[in-house]
Amino acid sequence: MKFVDTAKVFVRSGNGGNGAMSFRREKFVEFGGPDGGDGGKGGDVWLKASADLNTLVDFRFRRKYVAKDGKSGMSRARTGADGEDIKLVIPAGTQVIDDDSGILLADLTDDGQTVLIARGGKGGLGNLRFKSSLNRAPRKSTPGEPGLQFNLFLKLKVIADVGLLGLPNSGKSTFLSVVSNARPKIADYPFTTLWPHLGAVAIEGFDFVIADIPGIIEGASQGRGLGDRFLQHIERCKLLVHLVDGTSEDLALDYCTVVNELVSYGAGIDQIRRITVLSKSDALGTEERKRKSSVLEKAAGVSVAPISSVRGEGIRALLEHIAGILEEMRMEAKLEARKWTPESR
């Protein structure tokens with residue numbers, strides 16, 4: 001299935017049904033009073049997040065969604081039927097933006113999360129509603145309220161615990177295929193990955209999700225190459241793993257190129273905790289590996305983990321390190337949440 005992470009759709013809730021103007025007409029009832037019923041409510045437009053979806057491709061083929069109108073009121077004080085609601089199921093992690101104003105209407109991050117995006121119009125009042133001691137035969141009813149309409153911009157940001165960073169062909173896809181159940185396309189040329197891939201990892205009873213995005217090149221934050229549209233997919237990550245190709249001639253430049261693009265992109269992704277990894281270490285001799293690790297450590301200002309996805313060298317230690325950091329983060333989040341429980345106030 002083609003990966004699509006943005007879509008524009010038009011939605012409109014249903015109009016309310018009109019109120020009826022009617023009078024009771026029965027044999028032997030000389031002065032039948034008003035009996036016009038109210039109109040039904042228009043249908044609502046709901047959005048529901050699903051973890052089973054990972055693309056917005058369905059909304060590229062159908063762009064207009066309109067809920068049913070409410071039925072008009074009827075005689076004998078009968079209320080018109082309400083219009084049928086519609087529910088759009090979108091991938092978890094999708095932001096819903098008013099395309100006309102740019103206002104964020106909803107951010108659906110949890111599986112099953114549901115939000116009312118457009119409430120249906122109220123039904124009009126029948127003339128029975130206007131009967132009073134002064135006006136026993138009102139000839140007045142009201143129309144239903146119109147529904148609401150929006151041009152929505154849907155923007156998917158994949159939800160993963162860990163995001164993989166690196167220049168094209170830095171070994172991200174190979175790493176993901178080795179440590180998870182994901183099977184991204186792998187080849188010895190740039191831009192093998194054309195859209196994000198997610199892989200589930202389990203180690204020592206701890207589970208987490210890794211996202212592999214297309215390689216970042218200089219100018220990516222301004223849309224060069226595959227552009228900033230893919231940087232958005234690491235905004236929600238708790239941890240980033242930056243892979244630097246050990247066979248490169250200039251490791252410091254490669255490292256700084258990616259980091260500079262994170263800073264230029266903004267959205268706080270340069271503040272996300274990062275682990276720096278020297279990949280493809282199997283292609284290096286012992287002395288060369290030490291030398292290049294030292295160069296990269298100097299550029300990054302942190303210790304570097306050499307790995308070989310092909311041979312599996314350093315992979316388990318790296319995964320255990322990642323799991324330890326994520327577990328620590330989850331514990332901190334739980335402790336923070338407890339501070340805000342009603343019992344703690």
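Q: Is H2 largely enclosed by the rest of the structure or exposed, and how many of its residues are buried?
A: First, a note on the model: it is predicted, local features need pLDDT of at least 70, side-chain atom pairs count only at pLDDT 80 or more, and totals for chains, interfaces and linings use all residues. Residues are numbered from 1 along each chain as its sequence is written, and side-chain values use heavy atoms, with hydrogens and water left out. Buried means under 20% relative accessible area, exposed over 50%, and partly exposed in between (1.4 Å probe, protein chains only). H2 is largely enclosed by the rest of the structure, because the buried count among its eight residues is six.

Q: Which residues of H2 are buried?
A: Helices here are DSSP runs (H or I, at least four residues), strands likewise (E, at least two), numbered from the N terminus. H2 covers residues 172-179, and Val178 sits in it. Val178 counts as partly exposed at 42% relative accessibility. The buried ones are Lys172, Ser173, Phe175, Leu176, Ser177 and Val179.

Q: How far apart in space are Val178 and Gly312?
A: In sequence, Val178 and Gly312 are 134 residues apart. Going C-alpha to C-alpha, the spacing is 8.0 Å.

Q: At roughly what angle do the axes of H3 and H4 cross?
A: Axes are lines fitted to C-alpha atoms, for helices over the stretch in contact, with angles from 0 to 180 degrees between N-to-C directions. H3 is residues 251-265 and H4 is residues 286-300, and their axes come within 9 Å. The crossing angle is roughly 35 degrees.

Q: Which residues of H4 do Leu251, Ala252 and Tyr255 in H3 meet?
A: Contact means heavy atoms within 4.5 Å. On the H4 side, the residues are Lys292, Val295, Leu296, Ala299 and Ala300.

Q: Is Ser293 buried or exposed?
A: Ser293 belongs to helix H4. Leaving out residues up to four places away in sequence, it touches Leu278, Val304 and Pro306. Its relative accessibility is 9%, so Ser293 is buried.

Q: In S4, what is the bridge partner of Ser50?
A: Two strands pair if DSSP finds at least two bridges between them. S2 (residues 45-50) and S4 (residues 86-91) pair in the parallel sense, over six bridges. For Ser50, the partner in S4 is Pro91.

Q: In S7, what is the bridge partner of Lys48?
A: S2 and S7 (residues 114-118) run antiparallel, joined by four bridges. For Lys48, the partner in S7 is Thr114.
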